[in-house]
Amino acid sequence: MFIAKGCISLDFSALNSGALEALGKGALVTATISGVSILLGVVVGLGLAFMLLARNAIIASCANLYRSFWRGTPLLVQLFIVFYFLPKVGIDVPPFVAAVIALTMNTAAFQAEIYRAGLQAIPSGQVEAARVLGIGIWSIRRHILIPQMFRLVLPALTNEIISILKNSSLVSIIAVTELMRTGQQIASASFRPLETYLIVGLIYVVMNSCLSWIGARVENHLLRSEGRTYGV
Amino acid sequence: MVFEWDLIVRYGPTLLQGLWMTMWIVFLAVVIAIVLGLPLALALVSRSAVVRISVRVYVEVMRGTPILIVLFILYYGGPSMGLVLDAVPAGIIGMGLYGAAYFAEIFRSGLQSIPPGQVEAARMLGLTKSQVLFRVKGPQMLSLIIPPGANQVVILIKESALLSIITVPELTKITAQIVAETFAIVEPYVAIALLYWALIELVSRLFRKLETLVRHGQ
């Protein structure tokens, strides 16, 4: 069960320029899948967040059920269900699209929860004041609630983006040739799994570090611009 | 498309076996993660810069890598490091090492939330360092770290589905085998989605109970 010999020899020669180029392409696919899913997830997640806060009990509990299911089951299982279920009901989609659908449905549930918390943190007096001034509910959402909410939830949103980028490695299972799958192909062709996965892991770490750096920069920038707006 | 209930009835016991395996694996991984996470958290607030920075690098790398990579490095890359592990121990250790990084951060934020004045006062009164940790900091940390800790356990339950990829016979792997035998796809996957869902609801409820118990105790 457990054998340790205590000698580590790393040989990165299998990872020649061709392999590295393939990994680069894979990283681009990973970034695309994650990026598209996150952006679609923002739209669906915002809708869900407002549904969660709706006064209509049926709408709220539908959104609640959705959120509970997509947050309460493994992404791998969700991926299988989307990938196998769509063809069964006569919708044929390529693996890439199935991957984006599953990741979007998943992140939408997590983002909805983030946005709900953000929306609830905005003092209700603001909405009441806006209503009294005769501003329509959609205008209130678009111009008052959503901009403030995004400032509040930025750290949580950065975490969610990072978690989607990491989770996108699962779509390799349904034959989408992104970073992880490219790594698997190189590992099995070169018989150098340790070196290959170390490099692949490093690429993920670098991508995620960039994301958290950007997140921190944007947060800082918003804090400063907010200071200017309110003359603090 | 017809939903074939009798399939689920027929394979129910097999699925429950897989669920049991999943629960065991997650339990052991959480134990490893907590046992490793506490010293890592103490190292994260250590006065020695070398200790602090090296543990910080470990935590950031683990948190920036997909768990699938960690599992592949251990299971497929292990042999070239002279480390040959079966799928089950590789999976448990991988999840434990991965979870430890997250638990370290949870414990660190708990530790740092205790006002330093309390620690100084306790030290003045002659309490040893370990007494301060277990008698002063520990009990106060508990109610702070239970909610994020529960979150992390739920995340590990979901991540455990990935162990199927390195052939650990847990719930998802067993389901894949049922799919291969019966050619039914939707029924088994919907069934395990519901099983995971139920398990996660149960675990989160238990932790919420624990949280109120701890709050009351204080």
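Chain B averages a pLDDT of 88, and 98% of its residues score at least 70; pLDDT is the predictor's confidence in each residue, from 0 to 100. The complex has an ipTM of 0.82 and a pTM of 0.84 from the predictor. This is a predicted model, in which local features need pLDDT of at least 70, side-chain atom pairs count only at pLDDT 80 or more, and totals for chains, interfaces and linings use all residues. Residues are numbered from 1 along each chain as written, chains are lettered from A and ligands numbered from 1 in written order, and side-chain values use heavy atoms, without hydrogens and water.

**View 1. Helix 1 and helix 6 of chain A cross right-handed.** Helix 1 of chain A brings T30(A), S34(A), I38(A), V42(A), L46(A) and F50(A) to the contact. Residues of helix 6 of chain A in the contact include R141(A), M149(A), F150(A) and E160(A). By class, 11 residues are nonpolar, two polar and two charged.

**View 2. Helix 2 and helix 4 of chain B cross left-handed.** From helix 2 of chain B, R56(B), Y58(B), V59(B), M62(B) and R63(B) take part. Among their partners in helix 4 of chain B are L97(B), Y98(B), E105(B) and R108(B). The contact has eight nonpolar, no polar and four charged residues.

**Terms.** Helices are DSSP runs (H or I, at least four residues), numbered from the N terminus. A crossing is left-handed if the near helix is turned anticlockwise from the far one by less than a right angle, right-handed if clockwise. Contact means heavy atoms within 4.5 Å. Ala, Val, Leu, Ile, Met, Phe, Trp, Tyr, Cys and Pro count as nonpolar, Asp, Glu, Lys and Arg as charged, and the others, Gly among them, as polar.

How values were computed: Helix = DSSP H or I, 4+ residues; strand = E, 2+ residues; numbered from the N terminus.
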